[in-house]
Amino acid sequence: MNNLTASALNKFSGLMFFLKRSKNDFEMVADEIENYSLKSALNGLSEESNFYASELKNYLKHLGINASVINATEFSSNYFDADKSGTENCEKGMELQTLCSYNEESLTQAYCELLEEPLPCKSLQEIISYQLNALKISFQKIRTLNTARFAMY
């Protein structure tokens with residue numbers, strides 16, 4: 001069994017929390033968007049977030065780490081600053097931009113802090129790096145589609 005430090009386990013919990021939260025956030029937003037391309041990209045990001053959380057949880061389980069130790073539902077959002085108030089006073093079209101920026105910043109911070117931890121195997125670090133890069137690309141795609149949505153009118 002490979003062991004992770006308490007700090008690394010806490011950071012995995014934080015990452016799982018943000019992945020699950022972003023899944024829910026983007027699923028809700030996608031339901032209200034009429035633009036098919038943007039709706040599809042938001043649903044894709046939602047599914048990616050869910051898949052990445054499951055992938056990490058299964059990998060940690062394979063390493064012998066109890067899944068209840070990294071349960072995202074028990075994670076306190078106080079780990080990072082969780083202030084979404086910036087989405088309330090946005091001009092039309094900027095709500096999604098603000099939500100994307102907030103979620104991308106939270107996820108990027110969680111991934112980067114986890115990558116700074118000593119991890120028991122190189123493949124786990126590679127998975128984390130891959131997920132981080134794929135999420136950055138997905139967020140860029142959503143920002144581009146959101147901008148294009150208003151440029152067409």
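**Group meeting talk: helix α1 and its partners**

Okay, let's start with a crossing: α1 and α3 cross in a left-handed way. When I say helix, I'm talking about DSSP runs of H or I with at least four residues, and strands are E runs of at least two, numbered from the N terminus.

Before going on, a quick word on what we're looking at. This is a predicted model, where local features need pLDDT of at least 70 and side-chain atom pairs count only at pLDDT 80 or more, though totals for chains, interfaces and linings use all residues. Residues are numbered from 1 along each chain as its sequence is written, and side-chain values use heavy atoms, with hydrogens and water left out.

So, the overall picture. The protein has four helices and zero strands, and the order from the N terminus is α-α-α-α. Out of 153 residues, 44% are buried. Buried is under 20% relative accessible area, exposed is over 50%, and partly exposed is in between, using a 1.4 Å probe and protein chains only.

Back to our pair. Two packed helices are described by the angle between their axes and the distance between the axes. For α1 and α3, the axes come within 9 Å and cross at roughly 160 degrees. That makes α1 roughly antiparallel to α3, because angles over 145 degrees get that label; under 35 is roughly parallel, 65 to 115 roughly perpendicular, and the rest oblique. The axes are lines fitted to C-alpha atoms, for helices over the stretch in contact, with angles from 0 to 180 degrees between N-to-C directions.

Who meets whom? On the α1 side, the residues include Ala8, Phe12, Leu19 and Phe26, and on the α3 side they include Leu96, Cys100, Asn103 and Leu114. Contact, by the way, is heavy atoms within 4.5 Å.

Let's visit Ala8 in α1. Ala8 has a relative accessible area of 0%, so it is buried. Leaving out neighbours within four places in sequence, Ala8 is in contact with Leu114 and Glu117. Ala8 and Leu114 are 106 residues apart along the chain, yet their C-alpha atoms are separated by 6.4 Å.

Now slide along to Phe26, also in α1, which spans residues 6–32. Is Phe26 buried or exposed? Buried, because its relative accessibility is 0%. Apart from residues up to four places away, Phe26 touches Leu42, Leu45, Ser46, Leu96, Leu99, Cys100, Asn103 and Phe139. With Cys100, 74 residues away along the chain, the C-alpha separation is 8.8 Å.

Last stop, the largest nonpolar core. It has 40 residues, and Phe12, Leu19, Leu56 and Leu124 touch the most other members. Its largest share, ten residues, comes from α1. Such a core is a set of buried Ala, Val, Leu, Ile, Met, Phe, Trp, Tyr and Cys residues joined through side-chain atoms within 4.5 Å. Thanks, that's it from me!

Technical notes: A crossing is left-handed if the near helix is turned anticlockwise from the far one by less than a right angle, and right-handed if clockwise.
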